[in-house]
Amino acid sequence: MRKPNYQHKNYTSSNGYYQLVLPFDFEMLIPEDDSVRLLSQILEGLNYEKLYKAYSSVGRKPAVEPKILFKVLTYAYSNNIYSSRKIETACRRDINFMWLLQGAKAPDHATIARFRKEYLSEAVEDLFYQLVQYLHSIGEINFENLFVDGTKIEANANRYTFVWKKVVNKNESKMFEKIQSCIEAVNLSFMTNFAVAKDNTAQDIKKVLDFINQKINEENIELVHGIGKRKSKLQKFKEELECYYERQEKYNMHNGIFNGRNSYSKTDHDATFMHMKDDHMRNSQLKPGYNVQIGVESEYVTGVGIFQDRADITTLIPFLDDMKSNLGVKYKNIIADSGYESEENYIYLENQGQKYYIKPQTYEKWKKKSFKKDISKRENMTYNEEKDEYTCHNGKHLKKIGIAHRTSATGYSSETTVYECEDCSNCQFKAKCTKARGNRKMQVSKTFVAKRQISLENITSSEGIMLRINRSIQVEGAFGVLKNDYQFNRFLTRGKNSVKNEFLLLCFGFNINKLHSKIQNDRCKKHLHEAKMA
């Protein structure tokens, strides 16, 4: 029996027994209520002017129309497909992707990666906020209640390529002492008066090196290397100072990359080492990552921010400013957890005319009996507003003795009032009240206390309770879907801008899926979840 030969590139030549049964129009194969149809219709109505500006007006046309490629990329992210190679495979095998391509040839992974990194970087944020405005135009978003929260997502960087600011500063200080000793030796040897300053170390070393090199040329000194060769004093100075100069340039590079941070990764300079929630080893291991902030309204993500700060407290103001500049509107109510509470944030929201519902950091502690019985706490002392003094558990008065000023990491200056007890000697409660040897002292920011009280009243009102419940459901629920259902726990790209573009694409797909779900379940224009009473 003769065996057929299949060892040739064109497999269809030996496949003459089957007929083509698929229709040439993929429209018939896609259900009427498929989310890909909704995605295509919405994305068709966006303005792609910024995207097309990224392409050159001369040269050959792109392999796939940019608008179509953006649809493909958005649909891929809405279906948990993030790798450019997997997206390429989907374009070749998945009917929905073929339908989006409108008969165009499937793009290869290099085209997809280049489009995502280079061409889309200037336009994706504008397209995302166009989608938010579209949701507002159809009544899905009212720009009324913004639920804010953040999470840490691991960067695409090696976990062990960290650089710590504390270590760099320590080594730089040690080297500076050696540099000073070396330059003093140069001054003694050649009767010069060179000096080195901490803020201009590299340039000062360069001046001394220029002098040494000039001396070597004038005296025609031959530089020697190897075993058995005796180096001159000038050559020793030259080699030592060159080593210091090279190291100082390296330290300057590190300090420039830190930019206010305490660490960075060598493989992704924008990533900061942070504690992640998915700490499976439970050893508080630090990983390179980004602090991702989102604003949610009516279950849709309406704002995205990528930050290098490990804490949420410093991200609120730049996040809201960025949303305001992109949307052109301000939200009426800002709802956030205790991680965002600060005097600076309270003052900012008040100046913007926005009502804040921020949970105080000590809110849960206030409920405990141990806190209510703690006589050292300011909240458990009696305050006389007219005399501006507190009365402690022993009946003694803590009187104002001065004003102190503090400056935060962001440059915000706050004023605190300093109080001191009139007499703590022979007080039977002193051990429970203070560890100070003398009288008890206490610093109070009156502005912060007043704004915290307003926020407390807001969150404990009937409206505030409803909004706090919805914050847990909407913004924390959105992160739960993105990280668990969408399985997005690590970025694929590197660099702050690329990471933001990647997360915006993810939120783009999330919003389309959310709108699709609301339409199919008849939940459109429902903005808040009602509280269910037991």
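Predicted model: local features only at pLDDT ≥ 70, side-chain atom pairs only at ≥ 80, totals over all residues.
**View 1. The largest pocket, with about 830 Å³ of space.**
Start here and look for Gln361, Arg406, Ser445, Phe448 and Arg452, which are the closest to the pocket's centre among its 34 lining residues. Helices H11 (316–327), H12 (343–351) and H16 (446–460) each supply at least two residues of this lining, and so do strands S12 (413–421) and S13 (441–444). By residue type, the lining of the largest pocket has 13 polar, eleven nonpolar and ten charged members.

**View 2. The second largest pocket, with a volume of about 420 Å³.**
Here 17 residues form the lining, and Tyr55, Arg60, Lys61, Pro62 and Ala63 lie nearest the centre. Two or more lining residues come from each of helix H3 (66–78) and helix H6 (109–119). Of the elements, H6 gives the most to this lining, with four residues. The lining of the second largest pocket divides into ten nonpolar, four charged and three polar residues.

**View 3. Helix H17 packing with helix H18.**
Two packed helices are described by the angle between their axes and the distance between the axes. For H17 (residues 462–485) and H18 (residues 496–520), the angle is about 110° and the axes are 12 Å apart. Angles of 65 to 115 degrees count as roughly perpendicular, so H17 is roughly perpendicular to H18. To find the contact, follow Ala478, Phe479, Val481 and Leu482 on H17, together with Phe503, Leu506 and Phe510 on H18. These contact residues of H17 and H18 comprise seven nonpolar ones, with no polar and no charged residues.

Definitions and conventions. Residues numbered from 1 in each chain as written. Heavy atoms only, no water. 1 Å grid on protein atoms, 1.4 Å probe; cavity = no way out; pocket = protein on both sides within 12 Å on 5 of 7 lines; lining within 4 Å. Points joined across faces, edges and corners; volume = space filled by probe spheres on them. Nonpolar A, V, L, I, M, F, W, Y, C, P; charged D, E, K, R; others polar. Axes fitted to C-alpha atoms, helices over the stretch in contact; angles between N-to-C directions. Parallel < 35°, antiparallel > 145°, perpendicular 65-115°, else oblique. Contact = heavy atoms within 4.5 Å.
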